[in-house]
2 protein chains.
Amino acid sequence: MRATLIHGPRDIRVEDCPDPVLLTDTDAIVKVAAACVCGSDLWPYRGINPTPEPRRIGHEFIGTVTALGSKVATLKVGDFVVAPWANSCGTCPPCRNGVQVACEHRAAWGGNDENGLPVDGGQGEAVRVPNADGTLVPVPGVSEPDESLSKSLLALSDVMGTGHHAALGARVAPGRSVVVVGDGAVGLCGVLAAKRLGATRIIAMSRHADRAALAREFGATDVVSERGAEAAVKVRELLGGVLADSVLECVGTAEAMDQALRCTRPGGSLGFVGVPHGQDGLPISVLFSKNISVAGGAASTRAYLPELLEDVLAGLINPGLVFDTVMGLEQAPEAYRAMDERNSIKVMLKLG
Amino acid sequence: MRATLIHGPRDIRVEDCPDPVLLTDTDAIVKVAAACVCGSDLWPYRGINPTPEPRRIGHEFIGTVTALGSKVATLKVGDFVVAPWANSCGTCPPCRNGVQVACEHRAAWGGNDENGLPVDGGQGEAVRVPNADGTLVPVPGVSEPDESLSKSLLALSDVMGTGHHAALGARVAPGRSVVVVGDGAVGLCGVLAAKRLGATRIIAMSRHADRAALAREFGATDVVSERGAEAAVKVRELLGGVLADSVLECVGTAEAMDQALRCTRPGGSLGFVGVPHGQDGLPISVLFSKNISVAGGAASTRAYLPELLEDVLAGLINPGLVFDTVMGLEQAPEAYRAMDERNSIKVMLKLG
């Protein structure tokens with residue numbers, strides 16, 4: 001089969017790889033219908049995270065189950081499934097606590113499972129999925145989703161669940177004012193998640209017309225282009241003299257976190273999901289004196305998939321709109337370039 | 001009148017000071033019945049915070065209203081009141097949000113009010129209280145509390161509300177396992193708050209028999225004497241292989257915060273109320289990878305006073321037990337010494 005590998009900075013290649021086969025009795029094989037490039041894939045792409053040797057890449061995909069290990073109980077061959085970005089067993093204490101990202105038996109897409117056996121990356125034609133029961137979520141009544149539905153299902157693999165995680169971390173609720181820092185796919189899904197959770201005043205931070213337009217379509221009531229201290233001044237002005245109740249930090253840089261903290265009112269809540277890069281640490285004196293609560297981290301999208309899937313299938317949310325570009329698998333290098341140069345919000349790689 | 005001043009490190013004196021008088025129409029004058037020394041008073045006492053010139057000190061007191069400004073609406077002369085450690089107006093946006101510590105018109109006990117007028121410290125015979133309506137809480141049906149009730153009312157001024165704030169920050173709830181780091185009066189009140197909020201498994205960290213005994217009386221089911229990484233191992237063992245759902249950090253040092261983070265399970269919550277000292281910042285990568293939420297800071301005890309007061313008056317909680325020593329005002333220097341040397345958990349200064 002064909003699959004994507006990263007060889008080093010800005011060196012993405014689609015190559016021939018062995019077809020995956022069942023290696024344990026809790027595995028599934030999934031024929032990938034669509035995959036995508038994550039903002040976090042750009043860290044090694046940009047050379048910020050090292051790539052000591054070529055490796056398979058990608059951790060967001062949807063597709064059809066083609067084979068199952070003998071102990072898999074909740075899936076059947078032919079099921080159309082969403083794979084969350086983090087593999088999880090579903091039964092260990094963290095999984096039972098809804099923190100699947102801390103699964104004690106987690107396998108790494110494009111890496112290895114707990115037995116040291118290789119696991120495929122998501123950007124390829126097929127994937128061996130360890131811990132199939134705890135990981136994959138079947139989409140009821142759907143076997144061949146159209147492109148629009150495919151996009152939304154694929155968004156549930158990571159960005160929509162991650163935006164939802166940020167909104168929960170920021171304690172978004174009806175009546176609370178919301179600021180979203182970051183206009184990538186996660187930030188935009190954060191806007192949609194905030195709207196879904198009942199926020200009526202949502203301020204998106206963006207300097208890009210296309211992203212700002214999608215933020216508004218997702219529920220943003222205001223768009224702010226200022227940054228840093230100026231952004232906080234603008235937020236205070238928009239909210240009638242106070243800062244925001246809930247702030248979503250969806251970037252991960254020190255600048256974004258600083259901006260998010262500046263926009264949060266005393267006693268407010270900050271949800272953060274941007275993978276921390278270049279941050280020394282959260283300024284505890286600021287948190288203490290402003291009584292700002294902080295919650296977030298890597299999102300257990302597996303935990304949120306059932307309820308978000310229900311809303312997608314009911315047509316209540318359409319997170320797939322973040323995919324403004326569709327390419328084939330062989331165009332993966334181009335997809336990375338488009339994401340890196342911010343010419344695309346998010347690229348769907350359509351297979352088959 | 002007589003009142004306490006700090007002149008410098010380990011130099012506490014009780015001196016003659018002018019009797020307070022009403023200076024604005026929103027003031028009250030309170031004749032102090034009891035006051036106490038706060039753990040945070042020990043920072044300047046130990047010379048860790050500078051004392052450039054002698055100043056009045058103390059921010060926890062209870063007493064009787066003896067005079068009122070013309071605009072005070074919720075109090076009457078003769079009311080027995082609890083003064084929260086933080087003065088607040090009760091009407092600005094932070095106060096309306098229940099974050100009175102961020103009050104935009106806050107006056108500082110022993111410092112100045114927003115008009116630059118001097119405010120008495122709490123460790124003295126009487127106090128001018130700016131923002132009387134927003135600050136003082138009358139105790140219904142009580143005019144001369146006995147010593148036991150006085151202790152519990154005085155605890156509501158700061159330590160009990162602060163322990164409650166830590167427990168809320170740590171999302172304590174029925175069924176959640178709790179660890180409390182710190183066996184000072186705040187930590188002990190954190191144990192009591194956790195018990196009050198329904199926790200059934202509460203692990204207190206202490207190496208002092210008297211404090212451990214009080215922790216058990218307040219609801220601790222286990223006492224751990226280990227520190228740092230060893231403490232986390234012990235907690236995991238006590239909880240059957242997992243770390244704690246909720247951890248209260250009630251010290252403020254880097255070591256205590258590190259220990260608290262080590263004891264928190266993935267997806268767990270850390271409530272922190274220890275005034276940060278010597279901490280560079282919260283390790284955001286740990287928070288991100290473990291999905292630990294952090295909430296706390298200076299407690300708005302004014303917000304919690306009504307519900308906690310109700311429980312004190314109903315005999316449901318007895319936070320006054322943290323006062324293991326009672327002295328007179330003239331013994332304030334000795335009270336500081338007893339607190340500093342940890343010979344006393346908390347000293348009540350009884351006046352009149």
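Trainee: How many bridges join strand S1 of chain B to S4(B)?

Mentor: 2 bridges join S1(B), residues 2–8, to S4(B), and the two strands run antiparallel. Two strands count as paired if DSSP finds at least two bridges between them. Strands (E, at least two residues) and helices (H or I, at least four) are DSSP runs, numbered from the N terminus. Within this pair, B:Leu5 stands opposite B:Arg56 of S4(B).

A word on conventions: this is a predicted model, where local features need pLDDT of at least 70 and side-chain atom pairs count only at pLDDT 80 or more, while totals for chains, interfaces and linings use all residues. Residues are numbered from 1 along each chain as its sequence is written, chains are lettered from A and ligands numbered from 1 in the order in which they are written, and side-chain values use heavy atoms, leaving out hydrogens and water.

Trainee: What is the order of the strands in the open sheet of chain B?

Mentor: The order is S2-S1-S4, with antiparallel pairing. S2 (11–16) and S4 (55–56) of chain B are the edge strands, each pairing on one side only. Helix H12 of chain B (residues 332–340) lies across S1 and S2 of that chain, at about 155 degrees to S2(B). Such angles run from 0 to 180 degrees between N-to-C directions, with axes as lines fitted to C-alpha atoms, for helices over the stretch in contact; contact means heavy atoms within 4.5 Å.

Trainee: And in chain A, how many strands form an open sheet?

Mentor: 3 strands do, in the order S2-S1-S4 and with antiparallel pairing. Its edges are S2 (11–16) and S4 (55–56) of chain A. Between S1(A) and S2(A) there are 6 bridges, and A:Thr4 stands opposite A:Val14 in S2(A). Helix H12 of chain A packs on this sheet, touching S1 and S2.

Trainee: Which residues of chain A do S3 and S5 span, and over how many bridges do they pair?

Mentor: S3(A) covers 28–36 and S5(A) covers 61–68, and they pair in the antiparallel sense over 7 bridges. A:Ala28 has A:Leu68 as its bridge partner in S5(A). S5(A) is also joined by 4 bridges to S6(A), residues 80–83, again running antiparallel; there A:Gly63 is partnered by A:Val81.

Trainee: Now the two copies: by what turn can chain A be laid on chain B?

Mentor: Two copies of a chain are related by a rotation about an axis and a shift along it. Here the turn is 180 degrees and the shift 0.0 Å, giving an RMSD of 0.0 Å (least-squares superposition on C-alpha atoms of residues with pLDDT of at least 70 in both copies). The copies are therefore related as by a two-fold rotation axis. The same surface serves both, since 100% of the contact residues of chain A recur in chain B.

Trainee: How much area do chain A and chain B bury between them?

Mentor: The size of an interface is often given as the accessible area lost when the parts come together. For this pair the value is about 2600 Å², 67% of it on carbon and sulfur atoms (1.4 Å probe, summed over both parts). On the side of chain A, A:Ile284, A:Phe288 and A:Asn291 lose the most area, together 28% of what that side buries. The elements giving two or more residues to that side are S13 (264–272), H10 (284–290) and S14 (293–296) of chain A. Each chain's share of the contact is 31 residues.

Trainee: How many salt bridges does the rule find across the interface?

Mentor: The rule finds 0, taking a side-chain nitrogen of Lys or Arg within 4 Å of a carboxyl oxygen of Asp or Glu.

Notes
Buried area = accessible area lost by both parts, 1.4 Å probe.
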